[in-house]
Amino acid sequence: MSYQRLRGVSKTTTIILSIVVVLVVVGAIIYMTRTSKPTEATPTQTPPSSTQPPSPAKTTAASSAPSSPSPTTASTAKKKTIVIYASLSEMTGADPSTEFSNSILWMCLVYEPLLWYDPLKDEFIPALAVKWESNENGTIWTFYLRKGVKFHDGTPLTAEAVKASIERTIALGQGAAFIWDPVEKIEVIDDYTIRFYLKYPAALDKIAASAYGAWIFSPKIVEYAGAKNLTDPKVAEWFNAGHDAGSGPYKLVKWDPENEVVLEKNPDWWGWKLKDYPLASPNAPDVFIVKIVKDAVTQERLLLTGDIHIAQYVPLEDVEKLKNNPNVQVVIKPSFQNLLMLINTKKPPLDNVLVRRAIAHAIPYEDIVKIARAGLARVASGPIPYGMWGHFEDLRYEYNITLAKELLAKAGYPNGIDRTLLLVYTAGDIYEKRTAEVIKASLAKIGIKVEIRPMSWEEQWSLAQSGWENPEAAQDLFIFYWWPTYITPFDFLYNMFHSDSKIFNLCYYENPEFNKLIEEAVTLEASNREKALELYHKAQKILYEDVPAIPLWDSMDIRVAVKGIGNLDKAINPAYPTVIFAQVLDVSGLQQG
Amino acid sequence: MALEDFKIILSLIKQNPVSLTGLVIVAGFIVVGVLAPYILPYPEDAWGEVYHLEKRFLPPSLEHPFGTDDMGRDVFSRVLLGARFSLIIAVGVVGLALLIGVPMGLIAGYLGGRVGTILMRITDMFLAFPPLLLAIALAATLGRGLVNTIIALAISWWPWYARLVYVQVNSIKSLPYVDAAKIIGLSPLAIMFKHVLPNALTPVTVQAALDMGSAILEAAGLSFLGVGVKPPTPEWGLLVTEGWSSINVAWWISLFPGLAILVTVLGFNLLADALREASDPRLRRILLISGRV
């Protein structure tokens, strides 16, 4: 008896003990992460008089990166201002010519294009070019460069450097290199004038302001990398080892793409000296740290404890509560990312346009926005997102079950469809998941059964790619995000719906009339905007009738930051998703440490 | 397991409140798992076939004892139905693993020699991988779904049973009664299944009971990582993940399925502990001598 009692008791004790141990460990980890981060981020130049004990930590991001001599070290008596921005995704590459993914988040601060574009005001902000012009039909473009600009290595900016940068991007042909497709020839007129001759008319000003593939960098990289020429893979290696060759307001000083990227102010940047330059603030942070925090709930916690200053994502349900929190600010801006449901137009019964229309009328768009995004999105009207030129308000489908049932009956399916449709979405994306579940529940009401299947992006991708050859084997419905490379309706319409775009046209949609319309519209973008808009409208009307895809919502960007970050609103631009233009921020009111 | 074993187990459980708790929990789990589809307060919510715009994120109340989730569905119904899936997973994984592992270990142990070596090396190959890692890799390759989850877990599980049976059989096959069976001319198959296997099963049974809990836990882990069953199936691990993104406004969505996992796994562990004690020969002798059985 005593023997068993002993064993029994020891078992419970073990359980209790293990729970206690787990709690202690978790507590310790939380405590450590809370206390260690501020010290970690404090530069070693902090004078001992400050409230913080001088940190002996060798890990300080900004000041200890061994390879970068800090030019400001000698002069600073005051503490450096630091802003930490949490990114949900890891950084990808560091090569400005080929990068076509997450890394633009910091590249926009380190590199500069010829122009920036503000899509909400539909106007350009001069960057490396101060003036530009084109001939009547938009086939010859001349850019006049800013004088006195130096790259971070001290090399002056010249037309040769611009030519070399763009030609390297074109020659490598990776990432967003396709944006330069119209370019026939680049000619250097003089040190500060460069001319582009195009194969066909195009809006080269918008292309030059692209968020991807339009960066200008120092031609000396060939030398630094010990390479033969600019396209030598050694150059890419040099970039990806964490070097930068940009001209922007910040320099890359620490490159640890899976954990953090540290940028330090470039005191020689031309923009600090210009009066009234809209993209500069006298109180911009000295150090800007991009920290990878892969979870929205954790980002919110870190923000509330002050361990980060700006969160890229917080759970949308919490936004209302955060708006009432006196210590934080919430900035909501339109975003050019939208969510669509691509329909396999080649697989019966979805090859019948009436069935597709029935589906379009059976989806409760308002409910999706409320459930999936806590109301923080806009019901889509056509595939071009709200706020962008080319968006029209007359392209919404009415949610009308009766109409949907009628359409389905007219198509020959009065009792619903006898096959279960397969809807795929990216596993782990909570917005897509909720959307998928609402669609499943709604289509059931008109007698369409849907199986929803979360898949990894790669699986989903290869399944969808097989659709051009074998539409029967591919998915029926595909929930899909799109956002533009540079700001043109053509980007959306061509990639997702043109029959030549085999990679992204995952509706397998073919319509020569539509193709012709957008091909013509894109050449008129620069020379005849009115006409281009008219054609884009017509093209979208065709999509509205044909329903190769159902646009669901246009996203909104929600950034939450601590109160002391000034000008946050100005630092966000939907043409450059995820970027915080740190040079615009005003951190004079920020409590450090 | 002979009748005598059952007596010992029962008496042990009766005497030990901790084991009794385990038995009650497991019995309750099985009852809920079997009856779940018939006792759901909101069956449509449980199967994830509907959503309720106006009922999202309601805190626990009499109407919704565990609150409602991000789609306005009753969490209590979903957790109840989740018991059924967990039960299927537990029985499926352990059953399938036994089905592969026991014959493998039996044949390898009894025949020995080259066949035994080959079979055991195959087993070792599987044992070389950390089980959860192997299960994740398999689940990711097979794709999501209830059956695939069971297969993935069973494949990473059977080698443990094979080893266990192999060791048992190895010691049993040289016992005199096996020799006797051989001498009277029984076929090897008959000896294996009639005389060796029944005597080798006791530790396997204990291990299997213990593993039921672990199987539920690992399946929940796979779903949590996004390679397990498919939403909107209300599997417990999946329910925990689904609640995570809104944990700051609605803690109940993750908490209750999490508690369900905790309690069930605890129940299985406590029960298995009693089984282990019952199979301990020293303890048995103490009980028999003291005349308590």
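What follows is a chat about a predicted model with chains A and B.

Colleague: Before we start, what pLDDT do local features need here?

Modeller: Residues are numbered from 1 along each chain as its sequence is written, and chains are lettered from A and ligands numbered from 1 in the order in which they are written. As this is a predicted model, totals for chains, interfaces and linings use all residues, side-chain atom pairs count only at pLDDT 80 or more, and local features need pLDDT of at least 70.

Colleague: Okay, the open sheet in chain A: in what order do its four strands run?

Modeller: Helices (H or I, at least four residues) and strands (E, at least two) are DSSP runs numbered from the N terminus, and two strands pair if DSSP finds at least two bridges between them. In general, strands of a sheet pair through backbone hydrogen bonds, either parallel or antiparallel. Here the pairing is antiparallel, and the order in chain A is β4-β5-β7-β6.

Colleague: Which strands stand at the edges, and why is one side of each left without a neighbour?

Modeller: The order is β4-β5-β7-β6 in chain A. Each edge strand has a single partner strand, so one side of it has no neighbour in the sheet; these are β4 and β6 (183-190) of chain A.

Colleague: Which helix packs on that sheet?

Modeller: Contact means C-beta atoms, placed from the backbone, within 7 Å. Angles run from 0 to 180 degrees between N-to-C directions, with axes being lines fitted to C-alpha atoms, for helices over the stretch in contact. The helix touches β5, β6 and β7 of chain A, and its direction makes about 165 degrees with that of β6(A); this is α4 (residues 159-172) of chain A.

Colleague: Let's zoom in on β5(A). Which residue there is the bridge partner of A:Glu133?

Modeller: Strand β4 (residues 129-134) of chain A pairs with β5(A) in the antiparallel sense over five bridges. For A:Glu133, the partner is A:Thr142.

Colleague: And which residue of β7(A) stands opposite A:Thr142?

Modeller: On this side, β5(A) pairs with strand β7 (residues 193-198) of chain A, again antiparallel and over five bridges. Opposite A:Thr142 stands A:Arg195.

Colleague: Over to helix α13 (residues 401-410) of chain A: what do its buried residues pack against?

Modeller: Those residues are A:Ala404, A:Leu407 and A:Leu408. They line one face of α13(A), because they fall within an arc of 100 degrees seen down its axis; the arc is that of the directions from the helix axis to the C-beta atoms. Their packing partner is α11 (353-361) of chain A.

Colleague: Last one: which element gives the most to the side of chain A that touches chain B?

Modeller: The contact takes 26 residues from chain A and 26 residues from chain B. Elements giving two or more residues on the chain A side include α1 (2-41) and β15 (450-455). The top contributor, with seven residues, is α14(A).

How values were computed. A residue is buried if 20 or more other C-beta atoms lie within 10 Å of its own, exposed if 12 or fewer, and partly exposed in between; C-beta atoms are placed from the backbone. Two residues are in contact if their C-beta atoms, placed from the backbone, lie within 7 Å.
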